[in-house]
Amino acid sequence: VLTRGQSGQHWFDISNKPERDAQIAGAMGDGGPVALGLALSQPDVKVVLFDSEGSLLMNLGVLATIADQKPENFYHILLDNGCYATTGGQPVPSSTEISYDGMAKNAGYPSTYLFDEIEEFAINIESILEETGPVFVSMKIAPEIENLPIDLRPVVKRRSRSQVIEELREELG
């Protein structure tokens, strides 16, 4: 399950089984509940949630809910870049102070991990995915966006509904 934002998009871009990926658009904070529902409804299938700290902060209660339900097939991977990349790179409040793995542990996840080096993560991820869930993994990553003042941000091309429909008609013939 891929949460809203860049972390989910990156996985979707490299996935070799996109038909099995559930990319969640919409409101931040909805990836955890969707992934939990999938894990509970399909107990014989490993469910991996690629989450972001901005999204998790919008629904912190999901940590307690996941821990309470104890889905043995649930793996929660948080990619923490310290900013709200989807909305322009604004810093996440207290981003250098928050311990997401500590929050998950205190909520009741039996196994939690924190990585700030990709090499260490790569060495350990296979054995982590063999553990009984729920498992929480927090991975510190570098942001790909700089928090620019609003007037210096790139302008997003806005199109009307009729323009989008016309472009689709042209593309599809």
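Mentor: Asp 116 is situated in the loop between β5 and α6 (118-128); helices (H or I, at least four residues) and strands (E, at least two) are DSSP runs, numbered from the N terminus. The model is predicted: local features need pLDDT of at least 70, side-chain atom pairs count only at pLDDT 80 or more, and totals for chains, interfaces and linings use all residues. Residues are numbered from 1 along each chain as its sequence is written, and side-chain values use heavy atoms, with hydrogens and water left out.

Asp 116 is exposed, with a relative accessible area of 51%; exposed means over 50%, buried under 20%, and partly exposed in between (1.4 Å probe, protein chains only).

Gly 108 is partly exposed, at a relative accessible area of 39%. Between Gly 108 and Pro 134 the C-alpha to C-alpha distance is 9.1 Å, with 26 residues separating them in sequence.

Of its 173 residues, 37% count as buried. Among contacts (heavy atoms within 4.5 Å) with a separation of 6 or more, 70% join residues 24 or more positions apart.
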